[in-house]
Amino acid sequence: MNQKMPDCGILMEKEEKVVVILLCMALLSLAIAYTFFYSENITDPLNPFSSSSVPGDEVRLEGDLLSKRFTYSGNHLLMDVDYGSGAVKVFVPSDSGSNEVNSMTEVNDRVVIIGTVSEYEGEIEVVVDDSRDVTVI
């Protein structure tokens with residue numbers, strides 16, 4: 001009556017253990033690469049506006065609102081924003097929410113603006129695509 005009890009533990013051969021360890025190391029390497037490379041690009045996809053920004057650049061502009069006014073025709077909003085190294089014009093077309101931006105901002109407000117650098121009559125400006133791209137902080 002020498003009956004052997006079944007073994008419920010998982011036994012792996014040496015080669016199987018090596019494969020499991022290598023798979024774990026590969027997954028850990030992918031997690032580290034994702035954390036360091038991919039997450040950095042998500043946190044700030046836009047470059048800050050600077051004097052070296054060129055037409056076509058998508059930028060983040062942070063500064064103090066110096067002035068704002070509507071154009072004589074078209075009901076577009078023009079703002080001057082001091083970004084620390086000077087002032088830049090910001091253009092908000094009427095179909096992009098110029099009235100909304102006007103009502104939520106006041107002169108001397110600190111604003112963050114997301115837009116595209118453009119050139120108008122030889123001067124650099126930032127063009128806003130949507131009123132949600134202007135935030136008062």
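## Salt bridges, an aromatic pair and a pocket

The structure holds six salt bridges, a salt bridge being a side-chain nitrogen of Lys or Arg within 4 Å of a carboxyl oxygen of Asp or Glu. Bear in mind that this is a predicted model, where local features need pLDDT of at least 70 and side-chain atom pairs count only at pLDDT 80 or more, while totals for chains, interfaces and linings use all residues. Residues are numbered from 1 along each chain as its sequence is written, and side-chain values use heavy atoms, with hydrogens and water left out.

| Salt bridge | N to O distance |
|---|---|
| Arg60 and Glu62 | 3.2 Å |
| Glu62 and Arg110 | 3.5 Å |
| Asp130 and Arg132 | 3.0 Å |

The Glu62 and Arg110 bridge links distant parts of the chain: Glu62 belongs to strand β2 and Arg110 to strand β5, 48 residues apart. (Strands are DSSP runs of E, at least two residues, and are numbered from the N terminus.) Through shared partners, salt bridges join Arg60, Glu62, Asp64 and Arg110 into one network. How open are these side chains? Arg60 counts as partly exposed at 33% relative accessibility, Glu62 is partly exposed at 29%, and Arg110 is partly exposed at 34%. For the scale, buried means under 20% relative accessible area, exposed over 50%, and partly exposed in between, with a 1.4 Å probe and protein chains only.

Now for the rings. A search of the whole structure turns up one aromatic pair. Phe49 and Tyr83 form this pair, edge-to-face, at 4.9 Å centre to centre and 90° between the planes. Rings of Phe, Tyr and Trp (its six-membered ring) pair if their centres lie within 6.5 Å, and planes over 60 degrees apart count as edge-to-face, under 30 as stacked and the rest as tilted. Phe49 sits in the loop between β1 (47-48) and β2 (58-70), and Tyr83 in the loop between β3 and β4, so the pair ties together parts that are 34 residues apart in sequence. Both Phe49 and Tyr83 are buried, the latter at 19% relative accessibility.

What does Tyr83 touch, not counting residues up to four places away in sequence? The list is Phe49, Ser50, Ser51, Leu61, Glu62, Gly63 and Val88, with contact meaning heavy atoms within 4.5 Å.

Phe49 turns up again in the largest nonpolar core, which has 18 residues; along with Leu61, Met79, Val90, Ile113 and Val126, Phe49 touches the most other members. Such a core is a set of buried Ala, Val, Leu, Ile, Met, Phe, Trp, Tyr and Cys residues joined through side-chain atoms within 4.5 Å. Strands β2, β3, β4 and β5 (110-120) each give two or more residues to this core. Leaving aside neighbours within four places in sequence, Ile113 is in contact with residues including Leu61, Met79, Val90 and Val126.

Finally, the largest pocket has a volume of about 200 Å³. Its lining includes Thr71, His76, Phe91, Tyr120 and Glu123. Strands β4 and β6 (123-127) each give two or more residues to the lining, and the largest share, three residues, comes from β6. A pocket, on a 1 Å grid over the protein atoms alone, is an open set of points where a 1.4 Å probe fits, with protein on both sides within 12 Å along at least five of seven lines; lining residues have an atom within 4 Å of a point. The volume is the space filled by probe spheres set on the points, which are joined across faces, edges and corners.

Terms used: Helix = DSSP H or I, 4+ residues; strand = E, 2+ residues; numbered from the N terminus.
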